[in-house]
Amino acid sequence: MLKRNLWKILLCLAIVAWSVTQLIPFQDAPSFAQYAKEQATVRPAEFAQLVAEAAQRKQNLQAVSEYVGLKQIGRERKIDLSQYFPDIRLESSLRNVEKRNDILLAELLRRSKAKLQLGLDLKGGVAFTLEAAPPKPGEGADEYARREKLQKAIEIIGARINAFGVAEPIIRPVGENRIEVQLPGVNTKDNPDVVDQVKAPARLDFRIVHPTLTPGPGIETPAGYEIKTLDWEGRQGETGTEELFVKRIPEMTGESISNSFARPDMYGKPEVILEFTSEGKRRFADITRRIAEGGQAAGRLGRLAIVLDGKLYSAPTVREEINSDSAQITGSFSDREAINLANVLNNPLDVELTVVEQYEVGPSLAQDAVDSGVTAFVIGSALTAGFIIVFYSIGGFLAVLAMAVNVLILLGVMASLGATLTMPGIAGIVLSLAMSVDANILIFERMREELRLGKSLGTALEAGYDKAFSAIFDGNITTLITAGIMAWLGTGPVRGFGVTLSIGIFSTMFSALVVSRILLEWVIFSGFIKRLPMLSLLQSTAYDFLKGARVAFIVAGVIVAAGVVGFFAKGERLYGIDFTGGDQVSISFAQKLDLGEVRAAAAAAGVTDINPSYRQPIGSTSELLIIQAPFGQGDAIVKQIQQRHPEAQASLAGESRIGPSVGKEIQWNAVVSLFWALILMLLYVAFRFEMGYGVGAVVAIIIGLMLTVAMFVMFPGRQFNASMVAAILLVVGYGINDTIVVFDRIREELKLNPVGTLRDIINRSLNLTLSRTIITGGTTLLTALTFLVVTGGDVNDIAFTLLVGVLVSTFASLFIATPVFFWWHKGDRKHVEAHHDIAPKYEWQGTSKASE
């Protein structure tokens, strides 16, 4: 056994070891300042003194953190902090001390953090999406130029955020004209202007460089000037830095530039072209004349500084007055530097960006989320583990060990990809465990059948894995399709859920088909166990499921009709702000206000269309006032409540803001997601089986979705939102997985029983898989119920929809999918066989024999 499985054992150990290394360190360092002091290996006492000075600046409110304090000290005294950390290698060609310190401190900060970071919903912070106006008709720049401009805007925003001292912010492009910003640990209570400061227009200035003086030892900064550092790059790739005295007051702003672009000159060297407005032409002529005259008087060429958002990007020399509609900037710069300068001159942030989406999670809500997340994970995992151990004894215990490996690999992969752990992500992990259990249940149930035939335990193990493989493979691939759609089209919590679930599918298949099998072979072939006790449930049943098909369709029709009535009765109240757009603010308080007083405060703020309610987050001992209001009105309502009712001590605990355009996009993405899920399911099932199976599966999915939505509508306090879309897609994946297990058994029984009628084959297959259906549904229900009871917000909506969806999907796989398949083929097995494909064989599926 050891010889046969040696390579598998080594592979498992290597993957587990790699996963552990990806997760180290497991926790953030208690203090960045203390961590930095411990890492300094050269003159540590001297660096500790600098850290103490940085801490003093924080205490005196001169810096927001020791991190920012060290940046300030290094910039002011020109101290290269990398001299204390020789183990952290920086590029030798990088001579800009400020930039070297930025890179060094960022690396120290990264190393001080745990590899797997918490998302904003667990850590607290502010996230917002900024949108720039699309090009006007006739102004359409090419795609490359738009992408470059967006990247330059991200660079400017990043520099602003770094000034706040935010640890590990996320700034990334979304589409062609949006930028997503996440600021962990920041709140608008202490930093009320943080969003406005980040999205404010950038200022492009043209300033004069001092004609005679340059910074150096013993040279004081002239009055009216400041020191700016210029980074340059030559055509051969050489780089360098230069310090200049630059006038504080600009001579001209970016409003005078109509356009700028980079191009090769007549000799193929890069140059940058500036095109002026009519007023810009006059001002630029005046500035260049004065610079040229000052240079002639000083005996050297004068220079013009180009400054964007406070950063010096270029300082070309000026030989003479330039009085024309355009000007050329030439020099020894590289193509990349020329394009960069042209982007600067076009000022990618010349207009204020619009906030189209904003979320804020306060520290108290974040801590509640952490507590409920840990509780849900522990309870959900314990219930799942206990459930399978009760049913399958030692086999179940070994499956639980494989599940633990599954979680470790999943977290390791997430850490290696730089993913963050969110509440929807935790839900995805626990649901991955439920899927892992399903794979083991399929295997154990197949083993049970083989043991009933009198086969030995070892032979039953081999046959169980061989016969369960196709159902496991197909079921996980279909779930992967839905998870992939969530990761592709989803946003925020939906995307996080989809990414975690996608990773979990691969780790689930590895743990179920490799890890679990190694453990079972070890205890069986080593003689450690002689029998594998299993609890029996619904064995040897002979229900006629097709007989109840028509009644099932009638019941489904009645429920759907009731849901349609409820849908029209509730109208717009069914839609959350994810779909309609708007603000949702969560307010903590010391004294509860009457909802009439809340509406009166909103009316005083000029807002009448609000939906206030009180909710108590799971795991919290206090209530929150939740107010839904039109987009951009939430802050005004909070301020009015604070002014009119100071005794309530109202404080903003969290905020969500969805712009109308984003709400429409979420609606459209929901429709597109469901469309592609159904199409891909139909194509996959038709490819792996045949069209009759595909039609049966898709009809079952559609009816299952209609039933789920109908029941969702009939329950009070529920609204359609982005999280429900994720849950609906998950229900689609679960339902198709359930159906595929049945269809796989029908396909097998058609080969094993050549004389049985199609009706008998279908009923026999449903009865043979009934035990697996109930046990798998039970474990998933326990998981969903745990999250429904323990969590709140988005995850609670996912759990509720999944809870309903599991019941509905089980019903649909038993009473909808197979009858449709039966009717499609007109109840004739010959019609099936005429279109039936043989299940493919996999060469690596396992050729070893129990007797080896």
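This is a predicted model: local features need pLDDT of at least 70, side-chain atom pairs count only at pLDDT 80 or more; totals for chains, interfaces and linings use all residues.

Reader: Good to know. How many helices and strands does the chain have?

Author: There are 25 helices and 20 strands in the chain.

Reader: And what share of the residues is buried?

Author: Of the 852 residues in the chain, 52% are buried. On contacts, taking those with a separation of 6 or more, 76% are between residues 24 or more positions apart.

Reader: Let's go to helix packing. At what angle do H3 and H4 pack?

Author: Helix H3, residues 44-59, packs with helix H4, residues 66-77, at about 115 degrees, and their axes are 8 Å apart. That angle makes H3 roughly perpendicular to H4.

Reader: Is that crossing left-handed or right-handed?

Author: The crossing of H3 and H4 is right-handed.

Reader: Which residues make the contact?

Author: From H3 they include Phe47, Leu50, Val51 and Ala54. On the H4 side, Gly69, Leu70, Ile73 and Arg77 are among them. By class, the H3 and H4 contact has 7 nonpolar, 2 polar and 6 charged residues.

Reader: Nice. Switching to strands: what is the order in the sheet with E9?

Author: That is an open sheet of 3 strands, ordered E9-E10-E14, and the pairing is antiparallel.

Reader: Which are the edge strands?

Author: E9 (257-264) and E14 (326-329) are the edge strands, each pairing on one side only. From one strand to the next, the twist averages 20 degrees.

Reader: How many bridges join E10 to E14?

Author: E10, residues 270-276, is joined to E14 by 4 bridges, and the two run antiparallel. Glu275, for one, has Ser326 in E14 as its bridge partner.

Reader: Which helix packs on that sheet?

Author: Helix H10, residues 335-346, does, and it touches E9, E10 and E14. The direction of H10 makes about 170 degrees with that of E9.

Reader: Now some backbone checks. Where is there a cis peptide bond?

Author: A cis peptide bond joins Ile24 and Pro25, with omega at about 0 degrees. Pro25 sits in the loop between helix H1 (2-23) and helix H2 (32-39).

Reader: What about phi at Ser393?

Author: Ser393 is not a glycine, yet its phi is positive, at about 50 degrees. Ser393 belongs to helix H11, residues 363-416.

Reader: Where does Gln649 lie?

Author: Gln649 is in the loop between helix H18 (634-644) and strand E20 (651-658). Gln649 also has a positive phi of about 50 degrees without being a glycine.

Reader: Does Gln649 count as buried or exposed?

Author: Gln649 counts as exposed, at 59% relative accessibility.

Reader: Last one: what does Ser771 touch?

Author: Leaving out residues up to four places away in sequence, Ser771 touches Glu445, Leu537, Leu538 and Gln539. Ser771 is part of helix H23, residues 770-790.

Reader: So where does Ser771 stand, buried or exposed?

Author: Ser771 counts as buried, with 1% relative accessibility.

Reader: Great, thanks for the tour!

Methods:
Residues are numbered from 1 along each chain as its sequence is written. Side-chain values use heavy atoms; hydrogens and water are left out. Axes are lines fitted to C-alpha atoms, for helices over the stretch in contact, and angles run from 0 to 180 degrees between N-to-C directions. Angles under 35 degrees count as roughly parallel, over 145 as roughly antiparallel, 65 to 115 as roughly perpendicular and the rest as oblique. A crossing is left-handed if the near helix is turned anticlockwise from the far one by less than a right angle, and right-handed if clockwise. Contact means heavy atoms within 4.5 Å. Ala, Val, Leu, Ile, Met, Phe, Trp, Tyr, Cys and Pro count as nonpolar, Asp, Glu, Lys and Arg as charged, and the others, Gly among them, as polar. Two strands pair if DSSP finds at least two bridges between them. Buried means under 20% relative accessible area, exposed over 50%, partly exposed in between (1.4 Å probe, protein chains only).
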